[in-house]
Amino acid sequence: MIERLKDAAALAQMGPGEKLLGALQVAALGMGVTFVVLLALMGCIRLCSRLAADRRGAAPAPAAPGGPPDERDEELDEEAVAVLCSAIAMMRGGSDFRIVNIAPAPAPEHWVAQGRAEGFAAHRPQR
C-alpha cells in the first residue's frame, strides 16, 4: 500500500478509502519508528546515568528540608521579624494580616540554580 502512495498515477486512481488506509499506515509507521527511537534514547540515558553513578560511587543522602538542624532551630531576632512584617505590609497595601509562622524557604534544586545562573548571564549587558 505504501508503495502505491509513491506513484502519482496510482494515487489518482485510488478511492478515498484506500487513501485513508494508506495515510493511516504511514502515520502508524511514523509513530512506531518515533516510539522505538525514544525507547532507545531512554535506554541510552539510563545506561549513561548508571555508568556515571558507578564512577562517582554512592550518591550522598539528601539534606533535611530547611537546612541543618542547628539552623532550623535558630530563632529570628526581633529586627528581622520587623523587616519581614513591614515588607509584607508594603506588598499587601497595609491591610491587616497575621503572621503565624516564619520558616526559611527550601533550597532550590541544582538544576533550578543552574538555570537561573544561565538566565542571568544571558541578560548581562555586553561591553
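Residues are numbered from 1 along each chain as its sequence is written, and side-chain values use heavy atoms, with hydrogens and water left out.

I begin with confidence. The mean pLDDT (the predictor's confidence in each residue, from 0 to 100) is 79 for the protein, and 83% of its residues reach 70 or more. Helix 3 has the highest confidence, at 91, whereas helix 4 (residues 69–72) has the lowest, at a mean of 48. Where pLDDT is low, the predicted coordinates should not be read in detail.

Next, the fold. The protein has six helices and zero strands; here helices (H or I, at least four residues) and strands (E, at least two) are DSSP runs, numbered from the N terminus. Of the 127 residues, 2% count as buried; buried means under 20% relative accessible area, exposed over 50%, and partly exposed in between, with a 1.4 Å probe and protein chains only.

Which residues make the nonpolar surface patch? Ile2, Val26, Leu29, Val33 and Val37 form a patch of about 410 Å². Areas come from the Shrake-Rupley method with a 1.4 Å probe, and for residues only the protein chains shown count as cover. Helix 3 (residues 16–56) supplies the largest share, four residues. Valine 26 lies in helix 3 and is partly exposed, at 41% relative accessible area.

I turn to the cysteines. The structure holds zero disulfides, a disulfide being a pair of cysteine sulfur atoms within 2.5 Å. The sulfur of cysteine 44 is 6.5 Å from that of cysteine 48, its closest cysteine sulfur, and this is too far for a bond. Cysteine 44 is partly exposed, at 46%, while cysteine 48 is exposed, at 51%.

Finally, helix 5 (residues 78–91) has 14 residues and reaches 20 Å from its first C-alpha to its last. That is close to the expected 20 Å, taken as 1.5 Å times one less than the number of residues. Glycine 93 follows helix 5, with a positive phi near 80°.

Key
Patch = residues over 30% accessible without salt bridge, like charges linked within 9 Å, V, L, I, M, F, W, Y side chains within 5 Å. Salt bridge = Lys/Arg side-chain N within 4 Å of Asp/Glu carboxyl O.
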